[in-house]
Amino acid sequence: MKSTAIVLAAGQGKRMNSKVQKQFLLIKGKPVLYYSLSCFQNSREIEEIIVVTGKESINFCKQEIIEAYGFSKVKAVIPGGKERYDSVYAGLCACEDSDYVFIHDGARPFLSNDMIRRGKEAVLDYGACVIGMPSKDTIKIADENGMVESTPSRNKVWNIQTPQIFSYTAIREAHEKARQQNMADITDDAMVIERFGNMKIKLVEGSYENIKITTPEDIVVAEKILEKIQKIY
Ligand code: CTP
Ligand code: MG
């Protein structure tokens, strides 16, 4: 039984507004991508890692991150696509012998071994699961005029993180179907299964520290989270 982590680092990081792409920005001296790779490298649940990045960053990734930090589980560094789901599809095509895939945002450095383990257990039972946390905020559904339409009950609302974990055949088949149709509003991997797959997706507890680096404030928060995590380990 083979589990592969597909780590996505092919985005432009427009909302970060920095010269260096956000997945390569340094947190306490090491690139954001280092932290997510490190967690998969050290997890017993993961056999190999595929890194998906921009064409122009492949050599940098190989030399400055994978070789520099000795990430021996990385099997390939491949070019991504225009949209996130294109990068995911490229990753899926690079690990056809896998039984399970852990699809993860390279810009989300603080996943943990515990959540990988919980995810693995859930995917064995359900075939598909996503890591997330109950929403701390009340969520409103807006109409097209910016007026409140409704309020879902807070205990039914989760903020979804990554990794998102699937049986390989289920996510590959769903992606193949989705690619024949319109994927324009697809923002995560679970949505591909929700629309084009035929299984229910289990929600699995992640952590509030498992943030995605998106805007400049997130770097400040990430430094604080890292200080806290390093105190524990
Ligand atoms: N990603 C990717 N390929 C894309 C778009 C995104 O591999 N075509 C990756 C990003 O590198 C990131 C993750 O998907 O690790 C989550 O995406 P997001 O936070 O939206 O990152 P960006 O698209 O880079 O940022 P922005 O939307 O602000 O441009
Ligand atoms: Mg994006």
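Student: Why does Y35 count as buried?
Tutor: This is a predicted model, and the value is computed from it. Y35 has a relative accessibility of 11%. Buried means under 20%, so Y35 counts as buried.

Student: What makes Y34 buried?
Tutor: The relative accessible area of Y34 is 15%. That is also under 20%, so Y34 is buried.

Student: Why is the pair of Y34 and Y35 called edge-to-face?
Tutor: Two values decide. The ring centres are 5.0 Å apart, and the limit for a pair is within 6.5 Å. The planes stand at 80°, and over 60 degrees counts as edge-to-face. The pair is therefore edge-to-face. The whole structure holds 6 aromatic pairs. Y34 and Y35 also belong to one aromatic cluster with Y69, F71 and F110.

Student: How do you know that the length of α5 agrees with a helix of 13 residues?
Tutor: At 1.5 Å a residue, α5 (residues 168-180) should span 18 Å. Its end C-alpha atoms are 19 Å apart, so the two agree.

Student: What do the buried residues of α5 pack against?
Tutor: They pack against α3, β6, β10 and α6. The buried residues include Y168, I171 and H175.

Student: Which element gives the most to the lining of the largest pocket?
Tutor: That is β10, with 4 residues. The pocket holds about 870 Å³ of space. Its lining has 29 residues, with G11, Q12, R15, K22 and R84 closest to the centre. The lining divides into 8 nonpolar, 11 polar and 10 charged residues.

How values were computed. Residues numbered from 1 in each chain as written. Chains lettered and ligands numbered in written order. Predicted model: local features only at pLDDT ≥ 70, side-chain atom pairs only at ≥ 80, totals over all residues. Heavy atoms only, no water. 1 Å grid on protein atoms, 1.4 Å probe; cavity = no way out; pocket = protein on both sides within 12 Å on 5 of 7 lines; lining within 4 Å. Points joined across faces, edges and corners; volume = space filled by probe spheres on them. Helix = DSSP H or I, 4+ residues; strand = E, 2+ residues; numbered from the N terminus. Nonpolar A, V, L, I, M, F, W, Y, C, P; charged D, E, K, R; others polar. Expected span 1.5 Å × (residues − 1). Buried < 20%, exposed > 50% of the residue type's maximum accessible area, 1.4 Å probe, protein only. Contact = heavy atoms within 4.5 Å. Phe/Tyr/Trp six-rings, centres within 6.5 Å; stacked < 30°, edge-to-face > 60°.
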